Amino acid sequence: MASDANEGNSAFIRAGKMLSVLNFINHTNKVLALLNYLQSPLLFVARLYVAEIFFSSGLTKLTDWETTLYLFESEYAVPFLSSVAAAWLGTICEIILPVLLTIGIFTRAAALGLFFVNIVAVISLSEIALAALYLHYLWAVLFAGIIVTGGGFFSLDRLVQKYQ
């Protein structure tokens, strides 16, 4: 009789543990669904953040072209390109690619292009402050996330893909 009661208690405990596990899985699934829902707004914010930084940099280069050429001749050691070609290419990329990134068309390609602009900027500077270097790391991680996931719900890429 005592063993029957112990077996009944064990079965009750196992069933309780199973319900606890199922409850945990259910709550975990709800959290994951919420995180999936937040992916597109976060991608949009990340796109706007890095686009604004690089677009502003490109505008600064355009508004003072003489200083831009001077900096590319004396401060930035861009490999494989003349200083004038590097200035033009860098400025064009910093103007066009952030616009594409913002509206979400060719999002992955734009993020990849700006990822390389970011790398070249770090490589080209002979001296860079640690805080500035960490910002470049942050931007690289954001670009990598955009490259991997795409533009998300709030992008023209999504509309184009939807109607193909």
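How much space lies in the largest pocket? About 460 Å³.

## Basis

This is a predicted model, in which local features need pLDDT of at least 70, side-chain atom pairs count only at pLDDT 80 or more, and totals for chains, interfaces and linings use all residues. Residues are numbered from 1 along each chain as its sequence is written, and side-chain values use heavy atoms, without hydrogens and water.

## Largest pocket

A pocket is an open set of points on a 1 Å grid over the protein atoms alone, where a 1.4 Å probe fits, with protein on both sides within 12 Å along at least five of seven lines; lining residues have an atom within 4 Å of a point. The volume is the space filled by probe spheres set on the points, which are joined across faces, edges and corners.

The lining has 22 residues, and Phe-72, Glu-94, Val-117, Val-120 and Ala-121 are the closest to the pocket centre. Helices H1 (2-63), H3 (83-103), H4 (107-124) and H5 (130-149) each give two or more residues; helices are DSSP runs (H or I, at least four residues) numbered from the N terminus.

## Second largest pocket

The second largest pocket holds about 220 Å³ of space. Helix H6 (residues 156-162) gives the most to its lining, with four residues. Other parts of the lining include Ile-105, Phe-106, Arg-108 and Thr-149.

## Around Phe-143

Phe-143 touches Val-50, Phe-54, Leu-101, Ala-111, Leu-114, Phe-115 and Asn-118, leaving aside residues up to four places away in sequence. Contact means heavy atoms within 4.5 Å.
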